[in-house]
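Here is a walk through a two-chain model, taken one chain at a time and then at the place where the chains meet. Have the structure open as you read.

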Amino acid sequence: MSRKLILSRRTLIRTGVVGTGGLLLSGCDKLFENPTFRSVLESGEDLHKASQRALGRNALAREFSVGDMSPVFRANGSREGAGGEYRQHLAQGFANWSLKVDGLVERPLAIPLTALRQLPQRKQITRHDCVEGWSAIGQWQGPRLAHVLDLARLKPQAQYIVFHCADLYRGRPYYESIDLVDAFHPQTILAWQMNGKPLEQQHGAPLRLRVERQLGYKHAKFVTRIEARASLEGLYGGKGGYWEDQGAYAWYAGI
Amino acid sequence: MASDASPEAAQGGDLVRRHRLSTRIWHWINAVTLLVMLMSGLMIFNAHPRLYWGEYGANFDRPWLKIGTLQNTRTGEYSGFLQVGDERIDTTGVLGLWQDSNGRQQRYAFPSWATIPSRYSLAGARIWHLAFAWVLALGLLAYLVRSLVNGHLRRDIHITRREWSPRHLWHDVNQHARLRFPKGAAALRYNALQKLAYAGVLFVLLPLMIVTGLAMSPGTDAWAPIVTELFGGRQSARSVHFICAFLLVVFFVVHMVMVVLAGPINEVRSMITGKYRLPKEKGQ
C-alpha cells in the first residue's frame, strides 16, 4: 500500500519530461495560432522566393540519363480524373479532347491533344521531388508552356498562369498556379508523354504540368484548362492552389 | 577578487569572466532554434518515414532506414518498429505506434511530444522549419564571423598540434572517463575533447545541416547542382541531414550530462551572465 504512494524516480522523471515537453508544445501550438507570429513565420516563403530567384532566376533543373531513372515512378494525389466527360474522353483515348486556353489572352484557344503533340517538343529526364520527402526520376515529353502561351498571346495584365484540372481531391477540384518566370522557363512543359508512353491515368492523363524547379504538388495533373490571370484573388480559396488553400502549403514551392 | 581579473592570475573560487556576449546571445538563440528545427524536422519526417541513398527514393525503392507500423496477422495486434538495413527493432509506444494525449492510438513515426506542431501537419512543420532555417543559417554565419574577428576561434576552439597527438587525446579521454575536470584557472581553457566537440558542431554538423537542407530544395538544385551532387543525390542528402540531426542530439545529451557533472548552476550562470566561479583546487 505505502509503496504505491511513493513516486518512483522513473515516474517522476517521466512526468517531468512529459510535463515540460507538453508545456513547450502547447506553447508552440498556441504561438502558431497567433496571426502575427504565424505571418512572420510564413513570410519566410517570400524570402525563399526572392533568394532563389536572385540566385537562379533562369537556372535549369538538373537533367538525368535513362540509366538514372526510377524503376517504378510512384503516383500520388488523385489517381483518376472525375466526371462522365473525363471518363468518356479516357475511353476514346482523348481523341476528341482539347485543352482550353483563356483568361487574359488575346486569342482564346482550344488545342486538340493531336495538335499539342505536333508542336515542337521538349523531352527531359528530371527528378520529381514530393513535399513529403520522396523523389522519383522520370522522362517527360511535351510542348513548352511558353509556346502555347505565345500562340494565345498573353495580355499585358497577365501575371499568373492557372491550371484547372479534371480531378477532384477529397471532393474538391484540383488547381495550381505559377507566375510568368516559371511559365516561360524552358523546362516548363505540358507533358502528354511519360517514360516514352502516353501519360497513364494515375499520372494525370492526358496532360500534366512539369514545373521542374518546384515540389510535386505544383505539377498539376489532368490539366484541362489554362487561364491567364492578373491576380489569384477570388479564385477558389484565393491562395493559388489546392494544397495552398486546404493545407497552408507554400505557393512558392522551390524549397 | 574582482570579476575582471586576468585569467592567468585567477585561482580556484574566483568569479571570472567566462563567455563573451556574442557567444551567450548566439548560444541561447541557437538552443531555441535547434529545438524548433529538430521537432519540426521530425514532423516533416513523419510525412515519409523512410530514408534512402542515391538521387531518388520512394515507396517502391529500398530504404536503409524505416519507421513503420506492423499488424500481426494472427493476433491482429499492431506494433511500431524501426528498421535499419535488415535489422528490425520493436518500438511500440515510442515510434510507429503510440498513444496521443487523448489516449488514441496513432501510427505516425514520431510521437506528438517530439514534434512541432504536436498534431500531424506537414504544412505547419514546414512553415516552422523553413522560417527558423534562416535564423540558424544567418546566426551561425554572424557568430562565426564575430568569433573569427574577436579571436574566440583562435584562442578557444583552435586545436593545437600538441592536442592532436594520440597521447594527449588519450589522456583527456582518461580524465573525462574518471570525471576529473580541470580546477582553478585551467578550467577556463577547453581541453582537446571539448574543442573537438565544439569545432565538430560549429564547422561540421551545423554547416552540414544547412548544406544538406539546401541540397533538398529543387530550386537550389537548379542553380547549385553541385550541392546535391556532393552528397550523391537528393535522397542521400536527406539521409545525411537526418544523421547529422541525430548527432546533434547526441551532442546535446553529452553537453547536458557534462553541465550537470561540472556544476549546473555555475555553468548555466556563466552562459547567462558570463560570470563563472572557478572550481577550487585540491587543498585550497
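Predicted model: local features only at pLDDT ≥ 70, side-chain atom pairs only at ≥ 80, totals over all residues.

## Chain A at a glance

Chain A comes with 9 helices and 11 strands. Its radius of gyration is 23 Å, while the globule rule gives 18 Å for 255 residues, so chain A is more spread out than a compact globule.

How much of chain A is buried? Of its 255 residues, 42% are. As for contacts between residues at least 6 apart in the sequence of chain A, 68% of them link residues at least 24 apart.

UniProt, in an unreviewed entry, puts "domain: Oxidoreductase molybdopterin-binding" at residues 95–229 of chain A. In the model that span is 47% strand and 13% helix, and its end C-alpha atoms sit 29 Å apart.

## An open sheet in chain A

One sheet to look at in chain A has 4 strands in the order β3-β4-β8-β9; it is open, and the pairing is antiparallel. Which strands stand at the edges? Those are β3 and β9 (197–198) of chain A, and each has a single partner strand, so one side of each is left without a neighbour in the sheet. As a reminder, strands of a sheet pair through backbone hydrogen bonds, either parallel or antiparallel.

You can pick out A:K123 facing A:Q141 of β4(A). The two strands form a hairpin with 5 residues between them, and there A:G133 takes a positive phi near 125°.

β4(A) is mostly covered, with 9 of its 9 residues buried. On to the next pairing: β4(A) is tied to β8(A) by 2 bridges, again antiparallel, and here A:W140 has A:M194 of β8(A) as its bridge partner. A:M194 turns up again at the next step, where its bridge partner in β9(A) is A:K197. Strand β8 (residues 193–194) of chain A runs antiparallel to β9(A), with 2 bridges between them.

## Chain B at a glance

Over in chain B there are 10 helices and 8 strands. The C-alpha trace of chain B spans about 70 × 50 × 40 Å along its principal axes. Of the 284 residues in chain B, 30% count as buried. Among chain B contacts between residues at least 6 apart in sequence, 60% join residues at least 24 apart.

According to UniProt (unreviewed entry), residues 18–274 of chain B are "domain: Cytochrome b561 bacterial/Ni-hydrogenase". That stretch of chain B is 59% helix and 9% strand, and its end C-alpha atoms are 5 Å apart.

## Listed transmembrane regions and a helix pair

Where does UniProt list a "transmembrane region" in chain B? The unreviewed entry gives residues 25–45, 127–145, 196–219 and 239–262. Take two of these in the model. Residues 25–45 of chain B are 100% helix and 0% strand, with the end C-alpha atoms 30 Å apart. Residues 196–219 of chain B are 92% helix and 0% strand, and there the end C-alpha atoms are 34 Å apart.

There's also a helix pair worth a look. Helix α9 (residues 234–262) and helix α10 (residues 264–272) of chain B have axes that come within 6 Å and cross at roughly 115°. On the α9(B) side the contact is made by B:V259, B:V260 and B:A262, and on the α10(B) side by B:P264, B:E267 and B:V268. By class, that contact has 5 nonpolar residues, 1 charged and no polar.

## Where the chains meet

Now put the two chains together: 41 residues of chain A are in contact with 32 residues of chain B. On the chain A side, α2 (9–33), α3 (35–42), α4 (44–56), β3 (121–129) and β4 (135–143) each supply at least two residues. Which element gives the largest share? That is α2(A), with 7 residues of the side of chain A that touches chain B.

By class, the side of chain A that touches chain B has 20 nonpolar, 12 polar and 9 charged residues. Two names from the sheet come back here: β3 and β4 of chain A supply residues to this side, and they are also strands of the open sheet.

Technical notes:
Residues numbered from 1 in each chain as written. Chains lettered and ligands numbered in written order. Contact = placed C-beta atoms within 7 Å. Nonpolar A, V, L, I, M, F, W, Y, C, P; charged D, E, K, R; others polar. UniProt positions renumbered as here; feature names shortened; annotations may be inferred. Pairing = 2+ DSSP bridges. Buried ≥ 20, exposed ≤ 12 C-beta atoms within 10 Å, placed from the backbone. Rg over C-alpha atoms; globule rule 2.2 N^0.38 Å. Axes fitted to C-alpha atoms, helices over the stretch in contact; angles between N-to-C directions.
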